[in-house]
Amino acid sequence: MIRHTEEKKTKALLSGRAGSILVAAGLIALFAYAAFTFLGMRNFEAVPLGSGVTRTGLLSEYFPALKGSAGDTEVFYLEGSEPGETVLCLGGVHPNEPSGVVAATLLVENAQVKTGKLIVVPHSNASAFSYSTPGEATPMSFTIKTDWGEQEFRYGSRLTNPIHQFPDPDVYVHYPSGQLMSGNETRNLDRSFPGNPKGGLTEKVAYAITEMVKKEGIGLVIDMHEARLMNPIVNCIITPERALTLSSLAQMDLESSTKEPWHLEPSPTKMFGMTHRGLTDATDALAVLMETGNPAMDYPRGPTTEKLIVEGKDEFYALAASRGLLYVPYSEKGLPLQHRVARQLAGADKLIRVFAELSETGDSIVVEGIPSYEDVETYGIGHFILKPQQER
Ligand SMILES: [Zn+2]
């Protein structure tokens, strides 16, 4: 009888242990899956090189302290046979604003520079591509159908990954202005210009970009962003006073050629850290910033899905638009990424052309091959995306 009870106890103990081991194994597998998924987010899409690319480099070449860090990123150079002006196009200063990232990628893959030099940085804040915004349930990536298959693009976060820059201060003191901002803005690349070589990772990235603008003698910087649909600063070119002639000529041409609203926003003179203010003040370049409307931002929206990012359709925004609450035209057709990328490319193309016209020679930079507004709208983004490893 005693032996029988002991056996029962032993069996119960063993089955309890087996259960615990199973639960522990399950948890380890779950953690491993989550860890590998999280680490995998650090590897985002490689940009295939178009035939116009004459060389590639790294941002750390302008500030060696960045080398090997999560802030280092690829720089693409498209140089013409004739010397001339240099233009820099930035995408991914905010990696949750995909039209700028895709437009910059299409520039690398399609542009042909005849005179001068075009420099493109598609993933300006590389660290912020390595995770999605916590608590927002955003997809890790989105996919574009192309003529040869599908191309995946990472959908990152607005701010530098806290794993790479931690902790946030209670109050972020912008360098060198001393302007105070909320603590997490210390990881916002578009609040960090002109940068600080002794600051956090985000300020170092901004510093490296500023150094690039100085060392390359860049005359024009075009920073491509997206904005909330309920934000009045959308469908616009944000322009500092020095770039007003350039931006207003481009804006008038763009309104008439695209039949779309484009408006000018002045770059605030006493609000520091943004590319258009920081780079214009710290260098000889004219720095402007373009905003398209992104339906995956702002909060009246439904779930943030890959479909919403690419197709831009949301019933709540349609309702908000019918009540006059949005600052962009919005119909049941939505605001597809294709349309937003078409705008970014049309804007970049026009700004470069007007910049050249305003130069002394009138042809200081000549860039061809940028997919036109009409062609992107007609054939789609995918038509212009190169197949990885099969460069033109
Ligand atoms: Zn932005």
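# Terms and values in the predicted model

User: Why is Asp 281 called partly exposed?
Analyst: Asp 281 has a relative accessible area of 48% and is therefore partly exposed. Buried means under 20% relative accessible area, exposed means over 50%, and partly exposed lies in between (1.4 Å probe, protein chains only). The model is predicted: local features need pLDDT of at least 70 and side-chain atom pairs pLDDT 80 or more, whereas totals for chains, interfaces and linings use all residues. Residues are numbered from 1 along each chain as its sequence is written, and side-chain values use heavy atoms, without hydrogens and water.

User: What makes the pair of Arg 277 and Asp 281 a salt bridge?
Analyst: The side chains of Arg 277 and Asp 281 meet at 2.9 Å, N to O, and the definition asks for a side-chain nitrogen of Lys or Arg within 4 Å of a carboxyl oxygen of Asp or Glu. Both residues lie in helix α5, four residues apart, about one turn of the helix. Helices (H or I, at least four residues) and strands (E, at least two) are DSSP runs, numbered from the N terminus.

User: Which other residue forms a salt bridge with Arg 277, and which parts of the chain does the pair link?
Analyst: Glu 241 meets Arg 277 at 3.0 Å, N to O. The pair links distant parts of the chain, with Glu 241 in the loop between β10 (236-239) and α4 (244-258) and Arg 277 in helix α5, 36 residues apart. Arg 277, at 2% relative accessibility, counts as buried, whereas Glu 241, at 46%, is partly exposed.

User: How do you know that Arg 187 and Asp 168 tie together separate parts of the sequence?
Analyst: Their side chains meet in a salt bridge of 2.8 Å, N to O. Arg 187 lies in the loop between β8 (180-182) and α3, and Asp 168 in the loop between β6 (150-154) and β7, so the pair ties together parts 19 residues apart in sequence. Arg 187 counts as buried at 9% relative accessibility, while Asp 168 is partly exposed at 28%.

User: Why is helix α3 described as largely enclosed?
Analyst: Of the 15 residues of α3, 11 are buried, so the helix is largely enclosed by the rest of the structure. Among the buried residues are Leu 201, Glu 203, Ala 208 and Val 213. The buried residues of α3 pack against several elements, including β2 (74-79), β9 (220-227) and α5 (275-282).

User: What does Gln 344 touch, and is it buried or exposed?
Analyst: Gln 344 lies in helix α8 and is buried, with a relative accessible area of 1%. Leaving aside neighbours within four places in sequence, its contacts (heavy atoms within 4.5 Å) include Ser 99, Met 224, His 225 and Thr 292.

User: What makes a set of residues a nonpolar core, and how many residues has the largest?
Analyst: A nonpolar core is a set of buried Ala, Val, Leu, Ile, Met, Phe, Trp, Tyr and Cys residues joined through side-chain atoms within 4.5 Å. The largest has 54 residues, and those with the most contacts inside it are Val 87, Leu 118, Leu 220, Ile 222 and Ile 381. Helix α8 (residues 337-358) gives the most to this core, with 11 residues. A second, separate core of 25 residues includes Phe 63, Val 93, Leu 189 and Ala 208.

User: Why does Val 328 count as buried?
Analyst: Val 328 has 6% relative accessibility and therefore counts as buried. Val 328 is found in the loop between α7 (315-322) and α8.
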